[in-house]
Amino acid sequence: MDYVIRPVRADEWQQAKELRLAALRDPAAPVAFLETYETCLERTDDFWRERTLGASEDGAGGVRQFVAEGSDGSWAGTVSVLIERPDGDAVFGGAAVVHQAHVVGVFVRPEARGRGLIDELFRAGTDWAWSLGEPLIERVRLYVHEDNPRAAAVYRRIGFVPTGETVPMPGDPTARELEYAVPRP
């Protein structure tokens, strides 16, 4: 199946919700995401509408969600990119010290893995971040749980490198999230 990588549209909140719930049912979810299936299931339709609008091209501009859409209209994967500024609020991992983007919500359905979709999703997300005007984004970062070697291997393969920075896993201070980043080309 061929896929188109594109930003989510504001009216696609139901598809965004379904894909997020699918991600949270994945066996890697406990170390890959900071929320649970049960928590997301309880969220209102208004929550999903607002979340999807905010990550669309019609949103405020500080977040963009990209999806891999199949020729049949199904969604096979997603990444979201948050813009972090030194004068902005800390999202995860502490306040930004440079203008940067932060990749979150990475997921490809199991049946679509191994086809290069993750590479294309990351390319779309980082290209968007690099395309933003002044002040320019200096790097793109992400965090990966220390017990998620599959994801860490993918991130290294596509050019992200460990920075040496770590933060405790929310809800489990004995576990660590490892920061990976790629500098502006």
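**Exercise 1.** Find the salt bridge between the side chains of Glu18 and Arg109, and work out which parts of the chain the pair ties together.

*Solution.* This is a predicted model, in which local features need pLDDT of at least 70, side-chain atom pairs count only at pLDDT 80 or more, and totals for chains, interfaces and linings use all residues. Residues are numbered from 1 along each chain as its sequence is written, and side-chain values use heavy atoms, with hydrogens and water left out.

Step 1. A salt bridge needs a side-chain nitrogen of Lys or Arg within 4 Å of a carboxyl oxygen of Asp or Glu. For Glu18 and Arg109 the N to O distance is 2.5 Å.

Step 2. Glu18 lies in helix α1 (residues 13-25) and Arg109 in the loop between β4 (100-108) and α5, so the pair ties together parts that are 91 residues apart in sequence. Helices (H or I, at least four residues) and strands (E, at least two) are DSSP runs, numbered from the N terminus.

Step 3. Buried means under 20% relative accessible area, exposed over 50%, and partly exposed in between (1.4 Å probe, protein chains only). Glu18, at 34%, is partly exposed, and Arg109, at 16%, is buried.
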